[in-house]
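Have the sequence and the model open side by side.

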Amino acid sequence: MENLVAIDNKIHKNISINPAKVALHGEKLNLIPAVVSEFMHLTVQHPIVFTKHGETGEFVCSALLGFEVGENLFWQNGQWQAVYLPLQIQRQPFFIGDAVDDDSTKSGDYVVCIDLNSPAINDSASTNIPENTSSEVHALFTETGEESEYFHEAKQCLAQLLQGKVDNQRLIGALKKLNLIQALSLEVTFINETSTRLNGLYTINQDKLAALTNEEIAELHQQQLLPAIYTMITSLGQIYPLIERKNARLNG
Amino acid sequence: MSFNSMPTKTVVVVGGGIAGWLTAGRIAAQHRTKTKAGLKVVLVESASIPVVGVGEGTWPTMRNTLIALGISETEFIRTCDASFKQGAKFAKWVDGTEQDFYYHPLVLPQGFSQGDLAAYWLNRSAKDNNSFSQDVCFQEAICEQGLAPKTIRTPEFSAIANYAYHLDAGKFTKLLQKHCTEQLGVEHIIDDVIAVNTLENEDIASVTTNNHGDISGQLFVDCSGFSSLLLGKHYQVPFKSCADVLFIDTALSVQLPYEDKNSPIASQTISTGQEAGWIWDIGLQHRRGVGYVYSSKYSSEQQARAVLAKYVGEPFNGLTVKKIPIVSGHREKFWQNNCVAVGLSAGFLEPLEASSLVLIELSAQMISEQLPATREVMDITAKRFNETFLYRWQKVIDFLKLHYILSKRCDTDFWTDNRAPHTIPDSLQELMQLWKYRSPADYDFTSNNEVFPAASYQYVLYGMGFKSDYSLSPQLLNDWRFADQQFAKNSQMVQQANKSLPTNRELLNKICQYGLSTI
């Protein structure tokens, strides 16, 4: 379970982060939320699809890393074996929370929170000092209570995600308006003859995209959405290397 | 031009209730009324006659109707106070005790297309007292937990468990009116019809209104409610009562607020047997609709009010009770000359299986799809329409009666009289005889125009404790492996549903907040 609290330079002055353990947050994820600005990095190895948010049913962008819940085929031998670590993992153990006024209404501002249950956290004040103290760790605050360089970079990562939320909504809004999203129905058979049906994934309808009018295409172009659209389409080819990865694991 | 070569260019719908708007909308959507080349549809609605609006339960067919009309499910749920309905729970129909209930769910029995699970269920060795619907259908468990038939991820009109709706009839009428006039091109005239003008062949040429003169057309749809202005009053088509079969003749209804805004919303219609009839209980998003339908032969209005008050409990005293007379039965035919009746003008039956709205939908669909291009073929269409709907009304009457004849209640004459053989239609008696030795099968219902499938009869028969005797045909029970697999699959699906489905209230709140996706 996550234990999110707002970061406070007094309470959390002794906390430091072990970057080598950040990726542990993605160990058991077969779908990782993605933002438009990282599509170019993701498409090198991952299919980028739409899924539906469990609470709202609204579309979200996700990178596909495995074929069943809990299966991350890029997690091997206790390590992240992909060229790119998605922002949603990179940013761990930090989160953006809504700032709350005294009367517990949202103020519209954001605060940076930390997941105190994250495996990437070292708390030097606690007695539970990790055995491997030689590995590189980064403090959140300097001795004078200033934000460290590491913390500053982490906040930039969060800012990119915040902007990504807006970009994603623009992309999804435009695609919905033009009826360009379609369900992706995939039945995959693996080397051991077992098969699985991938449900709940959606992608861009290429026939409908091709049938758009000049005006509609021009509008997508003006909104600078075409690169993301074509990246999502080409990224689907990564399904095949992903199947190979699964087969290799089954043969393992 | 002779009468015969007169092309159908304008359809005039008289009446602005659900029947009127659904029929107008169905025709307008299919016949492109909003385009220049399309058929013209005019709906004349009286300003002075109030809409009855008792039907608040639908069938799953309503999903297809909404799709055909082009109404979004999200908009429908948001504007009509609608909720999901996954069948009916019948309480106190068998022996009247507190633990007496069974379900008629909307999902077919497990493996229904592959084998007759009912036969195995009747002859199973397990003595667990599970009901038929519990053992063969996962939907009862969903309803008992107050769960929704889908999740916020499920697209509009798609289902995890088959479903229909409960809706606010007044709000639904308004939505239909808005959609028909703004999106489908139906012309709306608010005025009273004061005269019917005919041609020499007795077809209706036009209806005269107070302020809008004569409104003419080639087909007139009578949706004028109980008054049956065109079919009943003008054409004098006789009414065929079925009060000798179905005794209910009065309804007392109330609208009941929830205790608080988080109170659970039942995912099924609850129908509870009473001394002289039964009480319906329908949960919408913001209120419940509760009503007692009874036979005035067996209960005074005062007694009936007491029965309803007892069911509702303390809040009853502050509520307005609406009394609606029910005349059970239907017209001897529904299409005469160039006039066809839909809705209450065609007939009415007690709302035990939500037959009222579904018959409107089926009528609207057939009129729209079979719309005669000219007067020349209209009599043929009329004949077929009459055959189809006489059959359907009879089937609904049979199915409603089935609920009464299987009861073992002896506490009042209402229940015992309902089982008197002379009150049971021959068509139903015949089926009951067949089912002494086997379960209801698709072969028992061979018409293209069936209303209730064999599965529905199974749910009611075995839900009410009827036993089909397989001792003379043990060879029919030769595949227990199939049966055990299906029973196991059902328990599995119950578990899965419990894990993945939100409550009815949770999902409705989410739909109001986020909406359902169309894909």
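What follows is a short tour, starting with the ground rules.

This is a predicted model, in which local features need pLDDT of at least 70, side-chain atom pairs count only at pLDDT 80 or more, and totals for chains, interfaces and linings use all residues. Residues are numbered from 1 along each chain as its sequence is written, chains are lettered from A and ligands numbered from 1 in the order in which they are written, and side-chain values use heavy atoms, leaving out hydrogens and water.

**Chain A overall**

Chain A has 7 helices and 13 strands. These are DSSP runs numbered from the N terminus: helices are H or I with at least four residues, strands are E with at least two. The C-alpha atoms of chain A fill a box of roughly 60 × 50 × 30 Å along the principal axes. Of the 252 residues in chain A, 42% are buried. Buried means under 20% relative accessible area, exposed means over 50%, and partly exposed lies in between (1.4 Å probe, protein chains only).

Contact means heavy atoms within 4.5 Å. Among the contacts in chain A with a separation of 6 or more, 70% are between residues 24 or more positions apart. Chain A exposes about 14000 Å², and carbon and sulfur atoms supply 49% of that area. Accessible areas come from the Shrake-Rupley method with a 1.4 Å probe; for residues, only the protein chains shown count as cover.

Chain A carries 17 positive and 30 negative side chains, and the centres of the two sets lie 5 Å apart. Lys and Arg count as positive, Asp and Glu as negative; His and the chain ends are not counted. Each charge is placed at NZ of Lys, CZ of Arg, CG of Asp or CD of Glu.

**Where chain B meets chain A**

11 residues of chain A are in contact with 9 residues of chain B. The area buried between the two chains is about 840 Å², and carbon and sulfur atoms give 51% of it. B:R153, B:Y514 and B:I519 supply 64% of the area that chain B buries against chain A, more than any other three residues. Buried area here is the accessible area (1.4 Å probe) that two parts lose on being put together, summed over both.

Across this interface of chain B and chain A there is 1 salt bridge. A salt bridge is a side-chain nitrogen of Lys or Arg within 4 Å of a carboxyl oxygen of Asp or Glu. B:K510 pairs with A:E55. B:K510 lies in helix α16 (residues 504–514) of chain B and A:E55 in the loop between β4 (48–52) and β5 (59–64) of chain A, so the pair joins two chains. B:K510 counts as buried at 18% relative accessibility. A:E55 is partly exposed at 47%.

**Salt bridges**

The whole structure holds 22 salt bridges over all chains.

| Pair | Closest N to O |
|---|---|
| B:E301 and B:R305 | 3.2 Å |

A:K177 lies in helix α3 and A:E219 in helix α5 (residues 214–222), so the pair ties together parts that are 42 residues apart in sequence. A:K177 is exposed at 63% relative accessibility, and A:E219 is partly exposed at 37%.

B:E301 and B:R305 both lie in helix α9 (residues 301–312) of chain B, 4 residues apart, about one turn of the helix. A network of salt bridges links A:E68, A:E71 and A:K246.

A:E38 sits in the loop between β3 (31–33) and α1 (39–42) of chain A. Leaving aside neighbours within four places in sequence, A:E38 is in contact with A:P33, A:Y84, A:P86 and A:L87.

**Backbone points to check**

The peptide bond from A:Q92 to A:P93 is cis, with omega near 0°. A:P93 is in the loop between α2 (87–90) and β8 (94–100) of chain A.

B:S228 is not a glycine, but its phi is positive, near 40°. B:S228 lies in the loop between β11 (219–222) and α8 (229–234) of chain B, and is buried at 0% relative accessibility. B:Q236, also not a glycine, has a positive phi of about 55°. B:Q236 is in the loop between α8 and β12 (239–241) of chain B, and is exposed at 57%.
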